[in-house]
Amino acid sequence: DHVSFKPPRATYNDVASQDGWGVTYTPPELCAVRGSAVELLCTYTHPSRIQPRDISNTLWFTEEEHGDPVDLEQDSEYAGRVEYRCSEKRCSLRIKNLRESDSAEYKFMFMTNQPDEKYTGSPGVTLSVTGNFLIHLSIISRLEGSSVTLSCSSDANPAANYTWYKKNQPRPHGEEPHSIQSSDSGQYLCEAENHLGTKRSKFISIDVKYGPRLPSVSVSPSEIVEGSSVTLTCSSDANPAASYTWYKKNQPRPHGEEPQLVFSSIQSSDSRQYLCEAENHLGKKRSEFISIDCIIQIPHVLLLPSVSVSPSEIVEGSSVTLTCSSDANPAASYTWYKKNQPRPHGEEPQLVFSSIQSSDSGQYLCEAENHLGTKRSKFISIDVKCE
């Protein structure tokens, strides 16, 4: 029985390392199933005054006897099951035909040709051997598109049938092999079953790493007023999370290096096209350009409203139109007033007299208004001629 994948490598630097002496174990913890084989690895360091030829012996041990470590190669419990390998300060311990009694903390020691010069890396590697399910209880990081296999084993008799489940998904997850995708990230367990019973493993986490997707850019607020604060926000789905860089069109140097590009008081000179670039160690992607030329508005009632009269010569009974206009953004609404009359006389850009009478003679003005302010025109006089 075995698992067909290895957990990501981790290292543990023993806390006693000092003055050039040290042992680093890879990994610090290991799970295995009874009957399988494991390999424990370490690297060691020593002061530069000690030459490789001065290393007289290396060994692995779990127990001590009278204060001295019991070499596993000399331990009858491990007879014919252990193998040492050392090369250039890297040493390994291979144990085959694992037993549940092999569960222990394994330590490495190296000795020099000086009687009192020896060093043990502590704490060591913790090995857990089980006779039931085997799943490495660690986060597995894999690149999107690669192949990943999770294997489940047990010592059931008769042999068990296995079913895989993904957390929060009630249906079995067993599928045909496929390239792993970001959607495969999550926690999995396996269930072993024979006619005598059912058991489930613990969950194992898979974290799929992938480069940035095409970034998207949003603008806030949607109505941009000159002098106001405007924020461009870039987002991209990436694992690990992406870093962001902003570029202004035709300017090679970065314009900002945060997810948000903030204009605290935007000006018409800021009108250009911008893009953002999302990057992690697996790749980079650039967004499409977003133009803020067309969305920069300069809301205003810029000039006093002007009023025109048509026709120029007004005869009683004829049709007369007064027209009001103002350079405003957003567009203004209009209200007409007759002098000495407080109530509005009309609420359209044009004030139309379909059959003007002498009583309509007088002075008129128009008022233009948007949410930024109000401006009134000068008075214009209408003198109705009678036949």
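Cys91 is buried, because its relative accessibility is 3%. Buried means under 20% relative accessible area, exposed means over 50%, and partly exposed lies in between (1.4 Å probe, protein chains only). The model is predicted: local features need pLDDT of at least 70, side-chain atom pairs count only at pLDDT 80 or more, and totals for chains, interfaces and linings use all residues. Residues are numbered from 1 along each chain as its sequence is written, and side-chain values use heavy atoms, with hydrogens and water left out.

Start with the partner of Cys91. A disulfide joins Cys86 to Cys91, with an S to S distance of 1.9 Å. The term means a pair of cysteine sulfur atoms within 2.5 Å. By this rule, the count is three disulfides. The link of Cys86 and Cys91 is right-handed, with 115° about the S-S bond. Cys86 has 44% relative accessibility, so Cys86 counts as partly exposed.

Now move along the chain. Cys234 and Cys276 form a disulfide, S to S 1.7 Å. Cys234 lies in strand β20 (residues 230–235) and Cys276 in strand β24 (residues 273–280); the pair links distant parts of the chain, 42 residues apart. Strands are DSSP runs (E, at least two residues), numbered from the N terminus. Cys234 is buried at 4% relative accessibility. Cys276 is buried at 0%.

Next comes the disulfide of Cys324 and Cys366, S to S 1.7 Å. This pair also links distant parts of the chain: Cys324 sits in β30 (residues 320–325), Cys366 in β34 (residues 362–370), 42 residues apart. Cys324 is buried, with a relative accessible area of 4%. Cys366 is buried too, at 0%.

What of Cys42? Cys42 is in no disulfide, and the nearest cysteine sulfur, that of Cys91, is 5.2 Å away. Cys42 is buried, with a relative accessible area of 2%.

Return to β20, the strand of Cys234. An open sheet of three strands runs in the order β18-β20-β23, with antiparallel pairing. β18 (216–220) and β23 (260–263) stand at the edges; each has a single partner strand, so one side of each lacks a neighbour in the sheet. Neighbouring strands here are turned by 15° against each other on average, direction ignored. Such axes are lines fitted to C-alpha atoms, and angles run from 0 to 180 degrees between N-to-C directions.

Two strands pair if DSSP finds at least two bridges between them. β18 and β20 pair in the antiparallel sense over five bridges. Val219 stands opposite Leu232 in β20.

Terms used. Helices (H or I, at least four residues) and strands (E, at least two) are DSSP runs, numbered from the N terminus.
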